[in-house]
Amino acid sequence: MTEQALYRRLVRRSLHRSRSAAVVVALVLLSLVAVYVGIEATLAALGRGPLLITPADAVAALENPTTIVLAGAAVVAIIGIVFVLLALLPGSRGRHEVPNERLAVVVDDSVLAGAIGGVAQRASGVAPSRVVTSVSKRRGAVTITPTSGVPLDSAALSATAQDFVHTLQPRPAVKVGVTVAANGVVGA
Amino acid sequence: MTRSNRGLNRGILAIVGLLLIALSAWVANRAYPVIELPAVPVPEGATLWIIAASALVVVLLSLAWIVTRGRGRTHAVLTATDDSGTVSIDARVAADLIAQDLEALADVVSVSSSAFRTTGRKRSGVALELRVVARRHADLRHLVDTVTRSVEIFDEALETRIPVLLHVATGVRASFTHEQRVR
């Protein structure tokens, strides 16, 4: 494997959550059910009395379900749907890849938000506490509360922030918008 | 980061999930018939043994899958053997060397590392994962450049090039630590 291919794989694995924990839960549940079914089947085959219910009674209960059995089936269906969703959803971890010549680099969205917010803060000249930034998979949003009487140009600030993002080139690409709050505040 | 097969993990989840949905759909269909389904025969004799044996197989396969998760971690980043013996370098050495270079940066809270084996068709080796916990307003570009430089120095010292994954994170500690600011 070349270093590029290895890095692509490392980054891909880092951007998505592993399903190991979910699989362990699913298989432990499955094993517990299998252990119980196996015990009942063995007891019935040996002609002993059941632990809780004989296989014949269990089949009869599933063939003519009572309300309790139906409620149980509903719970089982919900668990099944959760497992299928866990199998299909991407499981993004809120990180972006940043290209680098030597390293494979992944950055938490909060770090990316902080960096973008820092650029917008320096460009606007307001106190850091008045800049709020959030970054999602493809979007970044910066909200700046201006000082009363000191207008800020949100278009120019957006361009500055977007330029900074262009130099970082995070993948997936992030589109940044800067919003200047309508009401300013006085003082720091 | 481990070597676990993630595609198969998802496959197993999908299969178990679909089985559960099918089972409950069967029961629901008995209460509110929509389609005609054959009756389940009452298990007797040899069938009971087959059920018990299948249950045992399911349990054994599940346990085998569970205990093999998370493999591939290792301590040694590099192992070199020659006539006089074997030298191996611990992942923590790499983290310490890089942490030393990052100490000057006020933005960095902590540096940790782990090494894991990578497999490939042509080559299998060891990759290093560096986890740098930074403050929220860290200068990201400067931080990444600094780490790149220290990794290059590390490369030169070892006379080889180890694959490195850098993960810049903000931890709980980073958000609680007071931000140092000089006005």
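**A walk through a two-chain model**

Let us start with chain B, whose elements follow one another along the sequence as α-α-β-β-β-α-β-β-α-β-α. That makes 5 helices and 6 strands in chain B, where helices (H or I, at least four residues) and strands (E, at least two) are DSSP runs, numbered from the N terminus. The model is a predicted one: local features need pLDDT of at least 70, side-chain atom pairs count only at pLDDT 80 or more, and totals for chains, interfaces and linings use all residues. Residues are numbered from 1 along each chain as its sequence is written, while chains are lettered from A and ligands numbered from 1 in the order in which they are written.

Chain B is split into domain 1 (6-67) and domain 2 (73-176), with bounds that come from an automatic or database domain assignment. The C-alpha centres of these two domains of chain B are separated by 46 Å. Of the 183 residues in chain B, 27% are buried; a residue counts as buried if 20 or more other C-beta atoms lie within 10 Å of its own, as exposed if 12 or fewer do, and as partly exposed in between, with C-beta atoms placed from the backbone. Among the contacts in chain B with a separation of 6 or more, 64% join residues 24 or more positions apart. Here two residues are in contact if their C-beta atoms, placed from the backbone, lie within 7 Å.

Chain A also has two assigned domains, domain 1 (17-88) and domain 2 (95-180), and 50 Å lie between their C-alpha centres.

How do the chains meet? In chain A, 62 residues are in contact with 62 residues of chain B. On the chain A side, α1 (3-15), α2 (20-45), α3 (55-63), α4 (67-88), β2 (104-108) and α5 (109-124) each supply at least two residues. The element that gives the most is α2(A), with 16 residues. By class, this side of chain A holds 43 nonpolar, 13 polar and 6 charged residues. In this count Ala, Val, Leu, Ile, Met, Phe, Trp, Tyr, Cys and Pro are nonpolar, Asp, Glu, Lys and Arg are charged, and the others, Gly among them, are polar.

β2(A) pairs in the parallel sense with strand β6 (residues 164-169) of chain B, over 4 bridges; two strands count as paired if DSSP finds at least two bridges between them. Along this pairing, A:Val106 stands opposite B:His167, and A:Ala104 has B:Leu165 as its bridge partner. B:Leu165 is also the bridge partner of B:Glu129, which brings us to strand β5 (residues 125-134) of chain B, paired with β6(B) in the parallel sense over 6 bridges. β6(B) is mostly covered, with 5 of its 6 residues buried.

Now turn to the open sheet in chain A, where 3 strands stand in the order β3-β4-β5 with mixed pairing. Its edge strands, β3 (131-135) and β5 (175-180), each pair on one side only. Ignoring direction, neighbouring strands of this sheet are turned by 15° against each other on average. β3(A) and strand β4 (residues 139-144) of chain A pair in the antiparallel sense over 5 bridges and form a hairpin with 3 residues between them. Within it, A:Ser134 has A:Ala141 as its bridge partner, and A:Val135 stands opposite A:Gly140.

Helix α6 (residues 154-168) of chain A lies across β4 and β5, at about 150° to β5(A). For these angles, axes are lines fitted to C-alpha atoms, for helices over the stretch in contact, and angles run from 0 to 180 degrees between N-to-C directions. β3(A) has a covered face made of A:Val131, A:Thr133 and A:Val135, and an uncovered one with A:Val132 and A:Ser134. In a regular strand, side chains alternate between the two faces of the sheet.

Finally, look inside. The largest nonpolar core has 54 residues, and those with the most contacts inside it are A:Ile116, B:Val132, B:Val147 and B:Leu166. Such a core is a set of buried Ala, Val, Leu, Ile, Met, Phe, Trp, Tyr and Cys residues joined through C-beta atoms within 7 Å. Beyond its neighbours within four places in sequence, A:Ile116 is in contact with residues including A:Thr133, A:Val142, A:Phe164 and A:Val176.
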